[in-house]
Each structure stands twice: as structure tokens, then as C-alpha cells.
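Subject: Structure handover

Hello,

Here is the structure I promised to pass on. Please open it next to this email.

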Amino acid sequence: MSRSPARIGVVFNPNSKKNRKRPERFDALVRLVGDLGEVRRTNTVEEIDDVVEDMLERGVNLWVADGGDGAFHWLLNAAARVVRARGRSEAIPPILPTRSGTVDFLAAKANLQGGAEDLIAALVACARRGIDVPTIALDSLRLRGKRLDDGAEPFDRIGFASAVAGVGQGFFERFYANGDPTARGILTVISRILGSASLSTPGIALLPMPDGARAYAAPVFAPQQLDVWLDGKRVDLEAFRAVNIGSINLDLAGVFRIFPYAAEPGVLHALVGDPGVFDVMSNLPRMAIGRALASPRVIERAVRQMRVVAREGERIDPVIDGELYFGLSALDIELGAPVQILCPTDPDRPNRRN
């Protein structure tokens, strides 16, 4: 049985910061892909579903998310929705994440080297020569939830890491508002959050401070009234400042390495608890080297399921792969299907990857 010829489909977001600055990239990518595929422009995330449907119908079997982790997230979830709606047993084609986002933890996990154009050029070179493109399978999260608006569409997403509530979720809101999507920006926001939070600790809280100095960290460290279950067992806490879970171990822009237990295939790494300011500060070195946190106020373990329910008056606003979602009342998370990641190596430069 002969295999299908390689067809490349690049999903291009013209609204990304990179592409707004360099709109000519679209035509450059069209020339780069040439007759081996197509570059599809999506002006909104809602348009991705139609592009996915068309690529599946046309037999496009090598997909590219032109952007960072967020671009990959939206393409993967559009593909999952379309495949479910089609009611077929077809698999989602392998997807190439390109190194052109804020954190690029997927590209780092796959050990992809070079920029977006380098990676797409390597994929094109493989396709042109008829060389099979290597892939790796990454465990995923399946996140299904109930919205506060009962009439809304049920929440159903695939991802790799989620700050469900607490300090991690609050960090991302501050990070995107900061406007510096770099490793330096990560450190700046963390420093501001911890500096602001320390002003509310006993003793220092009595000192006069400028308006807003304490307010910056207040929502980040505000405890949430939630009920959390790990593998069916309720966590015996009344309030949480940390509810996080990952399906793979992550490198966040070289600043932090988190979810080490998820390096083992088939398990999720859950981190839940009620850490205070000094718990977080004292564990920053452990996060930098990829170690589990050392705190009696934190539970960290390998799990297969997590359930989170907001109590009356609360809501869950999870961050999934860096994308912010709002307005859930409950969220169930379990191990999802493996996701195939393309790992092309330019055949003309065999030593290009480390």
C-alpha cells in the first residue's frame, strides 16, 4: 500500500505581534512552501475550524502552527472539534510548533532548533525529498467543564499545562498586561508580584506605602474557595492559592522548569495547595532547576485525574497553554490522547539539531 504524498498546511495568524510587524511574512511563507502545500490566513480563531475542515478534506497531512504555544493550542483544539463533529475515527495529523512565541515550551520539549522559517524550510526539504518526518508523541490534558452560564456551549479543550487557579493563573494575567513577552518580562512580573505581596506581610504591612503598591499582588495571592479532588480523593483544604496540572514537564523560557513528575509517560503532575508569599519565594530555586516544591502547604504528586469545583460566589478562570479562559463553575481534567509533534531535520544539514 503506497503512502499518501506529503502535503503541508501552514496556518498563519496575521494578528500576531510578529506578523503585524512583518506582514510580508505571509508571501514569504507561500514562496517557501511552494507547490508542496498551502499557507492559510486566519483573521480570527473562529476561522480556524473551516481551515481545518478544508485541510482534512484535501489530504493535507503535515500541519504547521505559525506562532507560539497559543497558535498551536488553537489549531489543535480546532482540529479536535472538527474531528469529533465529523464522527470519524480519523486521527489529527502531526503538527509542527514553530519557535516564534513568548515561551515556546512545546518547541523546547521537542528539541526544535532555529526559527519558524528554519523549521518550515526543513519540513519542506523533507517533503520534497520524500523523507518521512520524525515525530514524537506528547501526552495531553483533556479538560472538560461546566460554565456558569448554563446555556453556553460545554467547555472542552485539549492542552498540556494549566494554571487552573491561584498564583499561577494570576501571574499570566499580570504577564500579558505587562507587554514584555520575554524571559526578562517573566522575571519582571514575578519580582513585582512578590515585592508587592511582601508589603502585606506582618510588620511591613503597617508601613505607609504608595497607593497600588500592595494592590498589584493582592488578586494573585487571594485564596479561592474551591473543592479539589485528585484521583477521586478530596483534598482537605478550604481555600487554595495554587491549582496547577501538566501532562509534560515544561521549560518556561529557560526561567522555570515545572511539572517534573509528568516527564514519565502516562501520568499527570498535579500541584495544589495554599502557599504563602514566602513559600513561593523560597521555592523559586527549585522551580528553576525542575524540582518539586518543598512546602507543607503544597501537595505535589503524579495523578491521572483532577476535579475542581467552585463554591458559591467563586468562578474558575483557567489558563491553558498560556491562553486565558473565563467563567467556569467546574472543571474535570484527565489524561488525553497523545498528540503527534513534527520534528523535521533539514536533510542538507544533518547536524543542525543538538
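Predicted model: local features only at pLDDT ≥ 70, side-chain atom pairs only at ≥ 80, totals over all residues.

Residues are numbered from 1 along each chain as its sequence is written, and side-chain values use heavy atoms, with hydrogens and water left out.

First, Thr98. Thr98 sits in the loop between strand E4 (95-97) and helix H5 (105-109). Helices (H or I, at least four residues) and strands (E, at least two) are DSSP runs, numbered from the N terminus. Thr98 is buried, at 1% relative accessible area (buried means under 20%, with a 1.4 Å probe and protein chains only). Beyond four places in sequence, its contacts (heavy atoms within 4.5 Å) include Val64, Asp66, Gly68, Leu119 and Ile120. The Thr98 side chain lies 3.0 Å from the backbone oxygen of Gly67. A polar atom of that side chain is 3.2 Å from the backbone oxygen of Ala65.

Next, the helix pair. The axes of H7 (residues 167-178) and H8 (residues 183-198) come within 10 Å and cross at roughly 120°. Axes are lines fitted to C-alpha atoms over the stretch in contact, and angles run from 0 to 180 degrees between N-to-C directions. H7 is therefore oblique to H8 (oblique covers what is left after under 35 degrees, roughly parallel; over 145, roughly antiparallel; and 65 to 115, roughly perpendicular). H7 contributes Phe171, Arg174, Phe175 and Asn178 to the contact. H8 contributes Gly185, Ile186, Val189, Ile190 and Ile193.

Best wishes

Conventions. Buried < 20%, exposed > 50% of the residue type's maximum accessible area, 1.4 Å probe, protein only. Polar contact = N/O pair within 3.5 Å; in protein donor to acceptor, adjacent residues only side chain to side chain.
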